[in-house]
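Student: I am new to this structure. Can you show me how to read it, feature by feature?

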Amino acid sequence: MTDTLTFAPFSATHLDGALRLSREAVWPHRREDWRLVHQISHGVVALAGDLVVGTALATPFGAVGMANMIIVDARIRGRGLGRSLMERMMAGIDVPEWRLVATEDGLPLYEKLRFRETGRVLQHQGTVGPHAMPDGVDWADAADLPAIVALDRQANGAERSSLLTLLMAEGRIAVLRAGSALTGYAALRAFGRGEVVGPVITRDAAQAQRLLSFFFAQRSGSFLRVDTTAATGLSPWLTAQGLAHVGGGVAMRRGDAAAPSPSATVFALAAQALG
């Protein structure tokens, strides 16, 4: 099959084919989840005739490119298609730094493309029980968006205004305030079989727990997913809230755009927010 493949820019006409691939790979994504990523991304699709057999999307965040939705039809894996998709996708976006979250199976490919491991991502999910509403957290409004974007940029070294504008429109964002200053935020949107919380950007773990508790109190009895990193130390706390650790991935980076500020800590990754 690989001898007759063609490549094309990923477009809305490929969403149904991409959804078929992700369902076969037992990803939780709905068509709406693919559509959300596609809205702010550029990508490449591999076609066998009219059949989608591989995808790779890139979301430009200023000096950082986030690689997402990298998937190859199970029938033709191991033949170099993943690398070809990655190279074609990355060639279309000129950024000094790339980031992605890899599965264990994908590690050899990304290491060959000069990505290096930067941490472990821990996926938690489950049905949330009754939870007390924390103080000092409320819903953001449109006027908060510039401060949310600025805080996010400080923490990530990436310009994610496109993502945050979309999350504000298609989901909801909660914020922490200290007087007139915004000190943390977390986003909530529909995803997979329920909802996902992320990104979560705060100054410390205690603030992250307050933001997450706000969503837990709002969504008692609902299915939620939260991704964190091993470095945050939040995994045991999430498990205690009823969100079991069900897997994860490997955060990877190639190049170096700008180091995140030491005064802000990322408790949920960009990749989690996208997929």
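Tutor: Start with burial. Buried means under 20% relative accessible area, exposed over 50%, and partly exposed in between (1.4 Å probe, protein chains only). This is a predicted model: local features need pLDDT of at least 70, side-chain atom pairs count only at pLDDT 80 or more, and totals for chains, interfaces and linings use all residues. Residues are numbered from 1 along each chain as its sequence is written, and side-chain values use heavy atoms, without hydrogens and water.

Student: Is Ser 22 buried or exposed?

Tutor: Ser 22 has a relative accessible area of 0%, so it is buried.

Student: Which residues does Ser 22 contact?

Tutor: Contact means heavy atoms within 4.5 Å. Leaving aside neighbours within four places in sequence, Ser 22 is in contact with Trp 27, His 29, Trp 34 and Ile 71.

Student: How do I read a nonpolar core?

Tutor: It is a set of buried Ala, Val, Leu, Ile, Met, Phe, Trp, Tyr and Cys residues joined through side-chain atoms within 4.5 Å. Here the largest has 27 residues. Met 86, Met 89, Trp 98 and Phe 115 have the most contacts inside it.

Student: Which element gives the most to this core?

Tutor: α3 does, with five residues. Helices (H or I, at least four residues) and strands (E, at least two) are DSSP runs, numbered from the N terminus.

Student: What does Met 86 touch?

Tutor: Not counting residues up to four places away in sequence, its partners include Ala 56, Ala 67, Ile 70 and Leu 100. Phe 115 is also one of the residues that Met 86 touches.
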